[in-house]
Amino acid sequence: MAKKASRTTSRDKGAAQSRFDDKKYGKVLFSATYDYNELEFARASETLGHGLRSVVTAAAFVALLALVVVLLVDNKPTALVFVTFGASLVLVFASTRWDRLQVFYARRTTLAAAPPSEQRHVAVCEDCVHVESEAGPIGDFDLSDLRTVRQNSDCIVAGFGDGRYAYVPRPALSENRFRELGRFLKGKLPQGAR
């Protein structure tokens, strides 16, 4: 029974590979085909705004502290009291709902998942990253536009600005190729972004 399942899996992967033709891109350095669903979308969205959550939380704390100081110095309802209260309220709201804000933003980018799932393919060339789905091309991203590379044990997300992202899950490549892709993309980042 296990042999039959493994044959089916390899046949499905072969069919997915044949749907996406890397020959049209020229010399492809890395190629990954995977199922993109809500779980993969959630993993991708978690990488967005890396480190900003702690900044927002610290800003919320500072705004609340400023509100207390303003009230201690002048307990009359002045414009400064309302401004610091409004700022602290917005920042506390953002820090407590950070995960939802990440998903909200990600749904407006190229990471948005097509329900319920789809096959996606990423082809990385020397100067460009090509992302496509079963429905057609999602985007061709020039590596000179690369702004961020987020890599964790689950995935790599490369950001090209203006809501353009390329996502590669770890299971789509061997462990060595996954690490090589991360190193390659990080090597393409501008000097200031490293």
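## Sheet

Two strands count as paired if DSSP finds at least two bridges between them. Helices (H or I, at least four residues) and strands (E, at least two) are DSSP runs, numbered from the N terminus. The model is predicted: local features need pLDDT of at least 70, side-chain atom pairs count only at pLDDT 80 or more, and totals for chains, interfaces and linings use all residues. Residues are numbered from 1 along each chain as its sequence is written, and side-chain values use heavy atoms, without hydrogens and water.

Four strands make an open antiparallel sheet, ordered S1-S2-S3-S4. S1 (28-37) and S4 (136-142) each have a single partner strand, so one side of each lacks a neighbour in the sheet. S3 (residues 128-133) pairs with S4 over six antiparallel bridges. Glutamate 132 faces proline 137 in S4.

## Helix H5

Trp98, Gln102 and Ala106 are the buried residues of H5 (residues 98-106); buried means under 20% relative accessible area, exposed over 50%, partly exposed in between (1.4 Å probe, protein chains only). They fall within an arc of 75° seen down the H5 axis, so they line one face of the helix. The arc is taken over directions from the helix axis to the C-beta atoms.

## Nonpolar core

A nonpolar core is a set of buried Ala, Val, Leu, Ile, Met, Phe, Trp, Tyr and Cys residues joined through side-chain atoms within 4.5 Å. The largest has 33 residues. Tyr36, Val129, Phe160, Tyr167, Leu181 and Leu185 have the most contacts inside it. S1, H2, S2, S3, S6 (155-159), S7 (165-169) and H6 each give two or more residues to this core.
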